[in-house]
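Here is a friendly tour of one model, with an eye on its pockets and its charged side chains. Have the viewer open as you read.

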Amino acid sequence: MDLARIQIQTQDAVTGMQQQRPPLSIKQRPADMQIEQELGSTLSISTTASKLYIDQTEAFADANLKSIFRRNEEFVAKAQQTASQYVAKTAQQGEMLKKIENGTNAIPQIAQQNGTREPKQYNLAMVPEHMGKVKIDFQPAEVSIQSNWQKPKIHVQKNEPEITVPRWETNIYVQQKNSIQFDVIGGSVNRQL
């Protein structure tokens, strides 16, 4: 038996989409800047002269180059020493003569002391003896720098950025409509059973 059948055909709906995405734009003007500075500043530099002192008095004294005042002081000191030595020697010899009655040989001893010369002494030396005899004093120069430099005045005005954000649009539409179709197929009945 051939029964009738229903055939169903469907078609889905299809949607379409259109998008518009315009680009984002950012603009910014450069900052406004002003610089002010007074150029009437002064700069003053002052220096003191350096000083060098060299004292060679003792080095010259080693070479027997002395001032008259120093020579006088040395002669006075030597004369006082010689006088003291002479007084001591004379006192000692007087004591010896006081005891002559004891049988001492005071006169020959005194004659021998007074008649004998001291041997000459020679010395080989450097002139001056050492560099410590030359005194050096140095005072370096002093530099003083003064300035009344005016600092610059800087004014900055920033400009805000201009941002343009256009609207994005999306359009959704029906590209194909949905449909359904019914068909009857067959339909003959075999009754010979």
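## The largest pocket

The lining of the largest pocket is made up, by class, of 1 nonpolar, 4 polar and 3 charged residues. Bear in mind as you look around that this is a predicted model.

How much space lies in the largest pocket? The volume comes to about 240 Å³. Helix α2 provides the largest share of the lining, with 4 residues.

## The second largest pocket

Next comes the second largest pocket, with a volume of about 160 Å³. Its lining consists of D62, A125, M126, V127 and E129. Sorted by class, that lining has 3 nonpolar and 2 charged residues, with no polar ones.

## A network of salt bridges

Now for the charged side chains. The count of salt bridges comes to 5. Which residues are linked in a network of salt bridges? They are E58, K66, R70 and E74.

Start with E58, whose side chain meets that of R70 in a salt bridge, at 3.1 Å from N to O. This pair connects distant parts of the chain: E58 sits in helix α1 (residues 57-62) and R70 in helix α2 (residues 68-98), 12 residues apart. R70 also meets E74 in a salt bridge, with 3.4 Å from N to O. E74 and R70 are separated by about one helical turn, because they are 4 residues apart in helix α2. E74 in turn forms a salt bridge with K66, where the closest N and O atoms are 2.8 Å apart.

## How accessible the network is

K66 counts as partly exposed because its relative accessibility is 24%. For E74 the value is 32%, and E74 therefore counts as partly exposed too.

Terms used. Residues numbered from 1 in each chain as written. Predicted model: local features only at pLDDT ≥ 70, side-chain atom pairs only at ≥ 80, totals over all residues. Heavy atoms only, no water. Salt bridge = Lys/Arg side-chain N within 4 Å of Asp/Glu carboxyl O. Helix = DSSP H or I, 4+ residues; strand = E, 2+ residues; numbered from the N terminus. Buried < 20%, exposed > 50% of the residue type's maximum accessible area, 1.4 Å probe, protein only. 1 Å grid on protein atoms, 1.4 Å probe; cavity = no way out; pocket = protein on both sides within 12 Å on 5 of 7 lines; lining within 4 Å. Points joined across faces, edges and corners; volume = space filled by probe spheres on them. Nonpolar A, V, L, I, M, F, W, Y, C, P; charged D, E, K, R; others polar.
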